[in-house]
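Biologist: I'd like a close look at one part of this model, please. Could you start with the nonpolar core and go on from there?

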Amino acid sequence: MTATPEIHTPVTGEELAHVFDEAAPPADLSVYGVEDWITLAAFWVMVGCVILQFFTRYVLNNSFAWTEEIAINALVVVVFLGASLCVRASRHIQVDFLYRYMSPGLGRIMATFVDVVRIGFFAYGTWLMYKYASLIPDEMMTTVDLPKSIVFNAVVLAFALMTLRALHVAWQNARRGYSVLEKPEAFDGSEA
């Protein structure tokens with residue numbers, strides 16, 4: 001089997017420079033959910049704390065103890081709310097290799113089973129985190145005079161959002177007749 005050589009069209013520097021003359025398309029913020037903006041804010045709080053900790057530790061040689069705790073708690077919020085974003089966009093790691101070898105009917109049944117298990121997992125995670133957060137409502141953070149329940153309730157909220165997003169994704173998959181597992185090329189524009 002002989003590979004076809006790639007053909008590259010030469011581009012001059014002037015042609016390349018004119019690419020930047022084109023107007024940028026208008027920004028479309030409608031694709032972002034509520035959790036995306038909260039995750040972005042928590043991310044920048046975390047970044048600010050890490051930069052402040054680095055500066056106070058290595059430049060001033062006297063670090064603020066609270067920056068590490070706030071950064072860690074912000075990371076927890078980023079991870080779990082970011083997971084909700086991934087559920088909404090069907091971007092969690094998944095194995096779709098076997099679906100290529102299944103009949104379409106069996107693939108649909110298996111994809112629906114995955115949707116149901118995912119919804120059950122997130123609903124159970126919501127319930128577990130709610131039970132845990134309700135056990136320690138008055139526990140305070142170590143270095144900051146704030147209750148830990150802020151972080152735990154954010155995780156409860158994130159699991160509840162993941163459950164709702166998983167329900168929505170399952171409903172879309174049922175309505176569409178296929179999921180990202182069955183036809184990944186329909187979701188990202190690639191030809192698998």
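Modeller: Gladly! The largest nonpolar core has 21 residues, and the members that touch the most others are Phe-122, Met-129, Phe-159 and Met-162. A nonpolar core here is a set of buried Ala, Val, Leu, Ile, Met, Phe, Trp, Tyr and Cys residues joined through side-chain atoms within 4.5 Å. Buried stands for under 20% relative accessible area, exposed for over 50%, and partly exposed for anything in between, using a 1.4 Å probe and protein chains only. Please keep in mind that this is a predicted model, where local features need pLDDT of at least 70 and side-chain atom pairs count only at pLDDT 80 or more, while totals for chains, interfaces and linings use all residues. Residues are numbered from 1 along each chain as its sequence is written, and side-chain values use heavy atoms, leaving out hydrogens and water.

Helix 3, helix 4 and helix 5 each supply at least two residues of this core, and helix 5 gives the most, with 10 residues. Helices are DSSP runs of H or I with at least four residues, numbered from the N terminus. For one view of the packing, follow Phe-122: setting aside residues up to four places away in sequence, Phe-122 touches Val-87, Phe-159, Met-162, Thr-163 and Ala-166. Contact means heavy atoms within 4.5 Å.

Asn-73 sits in helix 3, which spans residues 66-88. Asn-73 is buried, at 17% relative accessibility. Beyond residues up to four places away in sequence, Asn-73 touches Met-141 and Val-151.

Now to how helix 4 and helix 5 are arranged. Their axes come within 8 Å and cross at roughly 160°. The axes are lines fitted to C-alpha atoms, for helices over the stretch in contact, and the angles run from 0 to 180 degrees between N-to-C directions. Helix 4 and helix 5 are therefore roughly antiparallel to each other; angles over 145 degrees count that way, those under 35 as roughly parallel, 65 to 115 as roughly perpendicular and the rest as oblique. The crossing of helix 4 and helix 5 is left-handed, a label used if the near helix is turned anticlockwise from the far one by less than a right angle.

Glu-35 is buried, at a relative accessible area of 0%, whereas Arg-88 is partly exposed, at 23%. Asp-36 forms a salt bridge with Arg-88 too, and the closest N and O atoms are 2.9 Å apart. Asp-36 lies in helix 2 and Arg-88 in helix 3, so this pair ties together parts that are 52 residues apart in sequence. Asp-36 is buried, with a relative accessible area of 8%.

Glu-182 and Arg-108 also meet through their side chains in a salt bridge, at 2.9 Å from N to O. They bring together distant parts of the chain, 74 residues apart: Glu-182 is in the loop between helix 5 (149-176) and helix 6 (185-188), and Arg-108 is in helix 4 (residues 104-135). Arg-108 is buried, with a relative accessible area of 18%. Salt bridges that share partners join Glu-35, Asp-36, Arg-88 and Arg-165 into one network. Returning to Arg-108, and leaving aside its neighbours within four places in sequence, its contacts are Asn-173, Ala-174, Gly-177, Tyr-178, Ser-179 and Glu-182.

Two loop residues deserve a glance as well. Most residues other than glycine have a negative phi. Asn-61, in the loop between helix 2 and helix 3, has a positive phi near 55°, and Asn-61 is exposed, at 68% relative accessibility. Ser-90, placed in the loop between helix 3 and helix 4, has a positive phi of about 55° although it is not a glycine. Ser-90 is buried, with a relative accessible area of 14%.

Definitions and conventions:
A salt bridge is a side-chain nitrogen of Lys or Arg within 4 Å of a carboxyl oxygen of Asp or Glu.
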